[in-house]
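Visitor: I have a chain open here and would like to go through it. Can we start with the overall picture and then move to details?

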Amino acid sequence: MSDNLGINLDWKYNFAGGRLLPIANVGRIMKQILPPNAKISKEAKETMQECVSEFISFVTGEASDKCHKEKRKTVNGDDICWALATLGFDNYAEQLKKYLIRYREQDGERVNLNRAAGSHQEKEETSNYRSVVQSTPFKFKI
């Protein structure tokens with residue numbers, strides 16, 4: 001099925017009406033923990049697909065409710081950690097907090113490196129761009 005713009009609308013939905021994660025991604029994640037010669041049935045992948053999609057919706061919904069009560073429009077990583085802890089997934093919340101801290105540290109370092117390189121690179125790119133544009137002859141067929 002497609003809409004009047006030709007965009008494919010053949011999404012799979014779970015019993016609650018929400019979107020499902022792509023089954024290929026779910027299968028790839030499942031394979032990572034299994035021995036290389038292990039096989040996973042289609043039924044097992046589909047079952048896991050529904051479970052993880054429902055879990056993500058459940059946690060995200062709780063985080064979204066918190067944001068709505070606080071009159072915020074953006075759900076962030078801290079909201080997800082809070083939701084996990086509130087819903088009784090304390091072990092997951094603790095691990096995710098640790099991951100989030102490391103991610104933010106690395107992201108901050110990457111931003112600082114990009115800023116430092118960006119100011120030098122902008123000057124270089126601008127001068128290179130001008131020299132290329134000025135020296136490139138344009139040819140048009142009439």
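Visitor: What sort of model is it?
Guide: This is a predicted model, in which local features need pLDDT of at least 70 and side-chain atom pairs count only at pLDDT 80 or more, while totals for chains, interfaces and linings use all residues. Residues are numbered from 1 along each chain as its sequence is written, and side-chain values use heavy atoms, with hydrogens and water left out.

Visitor: How many helices and strands?
Guide: Four helices and zero strands, in the order α-α-α-α along the sequence. Helices (H or I, at least four residues) and strands (E, at least two) are DSSP runs, numbered from the N terminus.

Visitor: What percentage of residues counts as buried?
Guide: Of the 142 residues, 13%. Buried means under 20% relative accessible area, exposed over 50%, and partly exposed in between (1.4 Å probe, protein chains only).

Visitor: Which residues of α2 are buried?
Guide: Q49, S53, V59, A63, K66 and C67. The buried residues of α2 pack against α1 (23–33) and α3.

Visitor: And which residues make up the largest nonpolar core?
Guide: It has five residues: V59, A63, A83, L84 and A93. A nonpolar core is a set of buried Ala, Val, Leu, Ile, Met, Phe, Trp, Tyr and Cys residues joined through side-chain atoms within 4.5 Å.

Visitor: What does A83 touch?
Guide: Leaving out residues up to four places away in sequence, A83 touches V59, E62 and A63. Contact means heavy atoms within 4.5 Å.

Visitor: Where does K66 lie relative to W82?
Guide: K66 lies over the face of W82, 5.4 Å from the ring centre. The criterion is NZ of Lys or CZ of Arg within 6 Å of the ring centre and within 35 degrees of the ring normal.

Visitor: Change of topic: how many aromatic pairs are there?
Guide: Three. In one of them, the ring centres of F55 and F89 are 5.1 Å apart with the planes at 90 degrees, so the pair is edge-to-face. Rings of Phe, Tyr and Trp (its six-membered ring) pair if their centres lie within 6.5 Å; planes under 30 degrees apart count as stacked, over 60 as edge-to-face and the rest as tilted.

Visitor: Where in the chain do F55 and F89 lie?
Guide: F55 is in helix α2 and F89 in the loop between α3 and α4 (90–135), so the pair ties together parts 34 residues apart in sequence. With Y92, F55 and F89 form one aromatic cluster.

Visitor: Last one. What is the phi of K71?
Guide: K71 has a positive phi of about 55 degrees, although it is not a glycine. K71 lies in the loop between α2 (42–69) and α3 (77–86). At 77% relative accessibility, K71 counts as exposed.
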